[in-house]
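Here is a guided walk through one protein chain. Keep the sequence and the 3D view side by side as you read.

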Amino acid sequence: MKKFLLLTSLFAAMVVMTGCGGQTPDVADETESEKVKTVQKDASDTTTKENTVEGAQDANETATLDGAQDKEETKIQTAEDTVESIYFDYDKFFIRNDMRGIVEKNGEVLNNDTNKDYRIKIEGNCDEWGSDEYNYALGLKRAASAKKALEAQGVDGSRVTLVSYGEANPVCTEKTKDCWQKNRRADFKVLP
């Protein structure tokens, strides 16, 4: 394509230079000039058509990638919406009996064939009671306890990362026992 444009330009330059000898242009020169313009227009049209085809191919590839990415994000979001947080007693990191069913369900969701390749982040959280350092340590213990429970359900521990937010990530800020209970939790996040 580049060679064609180069040859066309060279041809046009030769035509212009041979016709510029101080003579007045006659009808034959105008016809030759029109031919050059036609060749240049045809080359331009061909380039535009090729660019349009290439642009359409790029757009199709981008749309395919975007569609696959959207599908993947939807699967991750569905998994994350399905898993539930588990809650802990005041100053404890052992999983309560009433939370074991939730851990089992989370293990099934995170270990099924659809979600088996995703990573999992467990976020340990605490209420506002205690020092920052103590709450970060307690949040990490809660996350580790949740990880052990998932591993008992068959989830590969190498897929799981732990983080503690201590008291820094409350879901409730009221000064009530019910609110503090909501903050003593481990959240499960699904990652690509």
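The paragraphs below go from the whole chain to the sheet, then to the helices and a pair of rings.

Start with the overall picture. This is a predicted model. The protein chain has five helices and four strands. Read from the N terminus, the elements run α-α-β-α-β-α-β-α-β. Of the 192 residues in the chain, 29% are buried. The accessible surface comes to about 12,600 Å². Carbon and sulfur atoms account for 55% of that surface. Now take the contacts between residues at least 6 apart in sequence: 76% of them join residues at least 24 apart.

In what order do its four strands lie? The order is 1-4-2-3. The sheet is open, and its pairing is mixed. Strand 1 (86-87) and strand 3 (160-166) are the edge strands, and each pairs on one side only.

Walk across the sheet from strand 1. Strand 1 runs antiparallel to strand 4 (residues 185-191), and two bridges join them. Ile86 has Ala186 of strand 4 as its bridge partner. Tyr87 is partnered by Arg185, also in strand 4.

Step on to strand 2. Strand 2 and strand 4 are antiparallel too, joined by six bridges. Here Lys121 stands opposite Lys189 of strand 4. Glu123 has its bridge partner in strand 4 at Asp187. Glu123 also stands opposite Val163 in strand 3. That leads to the last pairing. Strand 2 and strand 3 are parallel, with six bridges between them.

Are strands 2 and 4 largely enclosed or open to the outside? In strand 2, five of the seven residues are buried, so strand 2 is largely enclosed by the rest of the structure. Strand 4 also has five buried residues out of seven, so strand 4 is likewise largely enclosed. As background, side chains in a regular strand alternate between the two faces of the sheet.

Helix 3 (residues 100-111) is worth a look of its own. It has twelve residues. From its first C-alpha to its last, helix 3 reaches 16 Å, close to the 16 Å expected at 1.5 Å a residue. Which of its residues are buried? They are Ile102, Val103, Asn106, Gly107, Val109, Leu110 and Asn111. An α-helix has 3.6 residues a turn, so residues three or four places apart point the same way.

Finish with the aromatic rings. A search of the whole structure finds two aromatic pairs. One of them joins Trp129 and Trp180. A pair like this is described by the distance of the centres and the angle of the planes. The ring centres of Trp129 and Trp180 are 5.2 Å apart, and the planes stand at 80°, so the pair is edge-to-face. This pair links distant parts of the chain. Trp129 sits in the loop between strand 2 and helix 4. Trp180 belongs to helix 5 (residues 177-183).

Trp180 has a relative accessibility of 16% and counts as buried, because the cut-off for buried is under 20%.

Definitions and conventions:
Residues are numbered from 1 along each chain as its sequence is written. This is a predicted model: local features need pLDDT of at least 70, side-chain atom pairs count only at pLDDT 80 or more; totals for chains, interfaces and linings use all residues. Side-chain values use heavy atoms; hydrogens and water are left out. The expected span of a helix is 1.5 Å times one less than its number of residues. Buried means under 20% relative accessible area, exposed over 50%, partly exposed in between (1.4 Å probe, protein chains only). Two strands pair if DSSP finds at least two bridges between them. Contact means heavy atoms within 4.5 Å. Accessible areas come from the Shrake-Rupley method with a 1.4 Å probe; for residues, only the protein chains shown count as cover. Rings of Phe, Tyr and Trp (its six-membered ring) pair if their centres lie within 6.5 Å; planes under 30 degrees apart count as stacked, over 60 as edge-to-face and the rest as tilted.
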